[in-house]
Every structure is written in C-alpha cells, then in structure tokens.
Amino acid sequence: MDPTQDKVIESLLKAVSRTSMLAEGSDPELDATLQNIRTNLSKSQSPEVLQKTLQTLEPLVLRYDEQRLARAQTFRAQLLELIDSIDNLPDTQMSTKAKKQLEADIRKHWQSVSSWPELLAQSIQLVTNTLKQPPRDTKNASLLGRFFRRKSDHNLAPKSDSEIMSHVSHTLAALLANITLPDMYRDQLMDIKNALTGSKDINHLPALLDEVINLIMVAVGKTQEDLTLYLSQLNEQLASINASILANYKAQRSMSSTRKDLGETFQKHVDSTQTEVRNATDLNDLKSLIDERMQTITEAMSQFQDKMQNQEKHAAQSITQLKNKVSRMEQDATELRTNMQQKIAQALSDALTGLPNRAAYQEAIFPLLTSAAQVKQPLCVAVCDVDHFKRINDTWGHLAGDKVLRIIPRQMQNALNKESLIFRYGGEEFIIIFPMTSIDNAYQYCEKVRQAVENTPFNMNGDPVSVSISIGIAQFDGKESHDELFGRADKNLYKAKEEGRNKVIHDN
Ligand SMILES: Nc1nc2c(ncn2[C@@H]2O[C@H](COP(=O)(O)OP(=O)(O)OP(=O)(O)O)[C@@H](O)[C@H]2O)c(=O)[nH]1
C-alpha cells in the first residue's frame, strides 16, 4: 500500500482508539465493546474486523438511550409527586402560578438529564417558599408540623421530626435511586442517606438537599448528556470512517488491476508483433506493421495514464476526506475532554471553602497509597474536626459558623508545606494527606495547624471567640487498606476529643 495512505490509516486508527476511551464508564457492556474495539485495532487493521466490531456498538448505544429515557420518566413522576404532596398539605398556599410554571418546565425539560438539577432546585425552591408562607388559619403550627399534616388531617397532632425526616428521606432516596452513580460516590450517597434518616434538625435539610442536587449534577448532569450525544456521534463517525477505509482498499485493488491490464495488453501486442515480424517478407509491410503497433501501444499508454490519473485523483480526494474526518474527531475529543475536565473540577471542589471536597479526596488518596507502597515511602493521613462547632452555630448562627469554616483552611494552608493536601471532607471535618512524610513530621505540621487555629482571633458580632480543632493522625503501613488507615486516624481523633479537645494524637 502507498506509504501516505498507510500513515493516514494508522493515525485514523489511533484517533478511533483514543476517542473510544472517552466514552468509557457509562455502561459496563458498552465498556466491554469499546475495549474490544481497542484490542482489535491494536491487533489487526483489517477493515472487515473493524466493521464487525463497530456493528456491535450500535445496539448498545441505543440500549443506553432507552435506559436513560426510563430513568427520566421515573424522575419526572417523583418530582411531580413531591410538588403535589406539598401542595396538598394543610395550611399551605402554594403559588398556583409558580406551580404551573414549574410543571410546564418539567414537561418541557424532563428528558434532558442536564436539566434535572435545575428542575430539582426549582422544586425545592417552590417547596421552601410554600412552607415559609404564614399559615392560613393555624398561626402556631410549626413549619415542620405544616409540612407533614395533610389538608384533611386538620385536627391531628403534628408529626414528629423523625417522621418528617423519614418522609423527606424517602422522597429523596427515591429520586437518588433513579440516577446511576459511579462507584466512587457510593460512600457519599450512603452518608447523605444516613444523614437524612439520622438527623432530626430541620436546619440540616437545606444543606442536605444541596448535597443531593450536587450529587445529581455531578453524577448524571451535563457530562453524561455530553457523553451520550458524543457516543452517537462517535458511532456515526466510526461507521463513515470505516466506509472510507473500505473504499480506499477497493481503490487500491482497482489501481493494481489497471496496471495488470496494461501489462497484459503490452504483452499481447509484443507477442503478436514478434510473430508478425518473424513472418514478414517485405520491408515496407514491416515498417507499416511497426507503425501500426506503435500507434496501438501509444493509445494504450495514454488510456492507461488517463485511468491512473483519475484513480489517483480519486484516492487523493478520499485521503483528504479521511484526514478531515480524523481532525474533526480529534477536535471533538479535545472539546469534550475540556468540557469534562471543567465539570470534574466543579464536582471536585467544595463551594463554601473552595477546597477540594470528599470526592476529590477519594480520587487522590488511592493512587497515592499505591505509589507509597510501591516506592516504600511514608504517607500520613490526618483527620481534623472543629471543636464544639455546634455551639458556634447555636450561639452565633450558621453564617458565623460558615465564616469559621472558611477561615480555618487558610490558617491550615499557612501552617503546612506545599506538598500537603487539604480537603473538606464534610461538615466541620477536614482531611490532610501528607505524602512522603513520616509520622513525626506530620505530627509537627499538625501541631502547627492546631496552634494556628487556636491563636486565630475569630470575631463574632464584635465578640472575640476562640476556636480550636482536634486532630488524629495515622501513618500508612504499606499494606493496610484505606479504610483501615482512615479508621486508625479517626480513632486518634476520637481520643483527642475524649482527652479534652484542642489536641493532636497519633499512633505510637
Ligand atoms: N455553619 C455550618 N454548620 C455546619 C455545616 N456542616 C455541618 N455543620 C454543623 O456542624 C455541627 C457539628 O456538630 P457535632 O457533630 O455535634 O460536633 P461538634 O459540636 O463540633 O462537637 P465535637 O466534634 O464533639 O467537638 C452540626 O451542628 C452541623 O449542623 C456547614 O456547612 N456550615
């Protein structure tokens, strides 16, 4: 084959293989097929094998779409039920206009997964506004009491906080059950569910709802939609590229058969000329015979040249088309990658403190543990928890609590070196990873952090307030699981709390 074509096809196959990697992670069977495509591409460049593999991709993409539709239908039903159940509560007045508008939005956008977080946020907003309205006739009914008494239950006693939270937890769990979450979010999801069922304080509800929305946005938001769209485009592109490869192979075959035809035509003329020259008796006859033969050969040559020129032109055009397709695919892949990176960055950072969040911690810790074990270098994990934080909230309000949570990481950063990684693990809990650091050094850094927080003059409504944190540290032993390591650090944090707080404790 022509070396230029070889190169084009090679870079094409590379692009196909690279772009198929981007679609990974959305469906296990799809993953398996994409893996299969990559294996086939690396083993063989035969268009037949490529075509066969591509045919298996299409039904999987279609199935993925069907599943997405079913999930969206359930999501729509759950959302409408949530709104109706709040509208049917006693003593509540949901704005008819807002309700109608929201229902219209749901009807319009329910199929677009990227609109789910927005629809959910709007629903929560409507619910909150409705519940904030003063009761129509029962002035003294509590917010929660109103939340869970049906309009027909006017004379019944308000339900307890735990019943209310269990109702909320049920509705949100049903919503969460309809989204596919990657494995790394499993713990976070479990924590949200536990918090919903475990907490009796209505003040926690907005933060938990935020987390639910965030989780939905992270897990099935725009990224998934981009991915689905991209998968169908990828499928089309792969099919058309495959067709171009086949056409090129055919053109190659046809060019070599044209050359063969010319060779045969020459041979035939040479053979018959030789015989006729041998049998010729007259010089003039011989001269005109040779003239005639030369004429025929010149015509055959010029026909051959025309045919070859056409075929070469055709081949050059199809190579240009192939090149364009490859560069379009590469461009799409780059855009998608940038888009995904932005989404991932958003999903991995905590809105209040700007620190990397719990999901970011999960992503960071496992590779660090693997490499610490491989290169036999120490690594420590510290779990930090603000002392009596509930008191700060209860005394000066949640906004003051939030301010403390924003200031503490800055103090931590000042006390630590560049290599240490700080995460907001949740609530008033922070994690520090100390790569390549022994327990003694990690302890010294944590002591600095503890002192920095203790010496920070926090100011609440003009009053100076002292805040402290307790820290538990553990050093990775090179073999244990992450849970074991984390468990030891957490146990040390617990000891620090038990021993009076404002302390750093590590394993001996
Ligand atoms: N302001 C604010 N408070 C939060 C946030 N996340 C969690 N909290 C509160 O943090 C408090 C944590 O309280 P607890 O777990 O009882 O612990 P604590 O009061 O810090 O006591 P110890 O840990 O035993 O020292 C709860 O009141 C939560 O409502 C947040 O983002 N902002």
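The chain has 16 helices and seven strands. Helices (H or I, at least four residues) and strands (E, at least two) are DSSP runs, numbered from the N terminus.

A word on the model. This is a predicted model: local features need pLDDT of at least 70, side-chain atom pairs count only at pLDDT 80 or more, and totals for chains, interfaces and linings use all residues. Residues are numbered from 1 along each chain as its sequence is written.

Start with the whole chain. Of its 508 residues, 27% are buried. Buried means 20 or more other C-beta atoms within 10 Å of a residue's own; exposed means 12 or fewer; partly exposed is in between, with C-beta atoms placed from the backbone. Now contacts: two residues are in contact if their C-beta atoms, placed from the backbone, lie within 7 Å. Take contacts between residues at least 6 apart in sequence: 71% join residues at least 24 apart.

The axes of helix 14 (residues 398-415) and helix 15 (residues 439-454) come within 9 Å and cross at roughly 140 degrees. That makes the pair oblique. On the helix 14 side, the contact includes Ile-408 and Met-412; on the helix 15 side, Tyr-445 and Lys-448 are among the residues met. This contact has seven nonpolar, two polar and one charged residues.

Last, two single residues. Arg-71 lies in helix 3 (residues 47-87). Arg-71 is partly exposed, because 17 other C-beta atoms lie within 10 Å. Gln-111 is 40 residues from Arg-71 in sequence, but 9.1 Å away in space, C-alpha to C-alpha.

Leu-348 sits in the loop between helix 11 (283-347) and helix 12 (358-375). Why is Leu-348 partly exposed? Because it has 19 C-beta neighbours inside 10 Å. Leaving out residues up to four places away in sequence, Leu-348 touches Pro-356, Asn-357, Ala-359, Ala-360 and Glu-363.

Key:
Axes fitted to C-alpha atoms, helices over the stretch in contact; angles between N-to-C directions. Parallel < 35°, antiparallel > 145°, perpendicular 65-115°, else oblique. Nonpolar A, V, L, I, M, F, W, Y, C, P; charged D, E, K, R; others polar.
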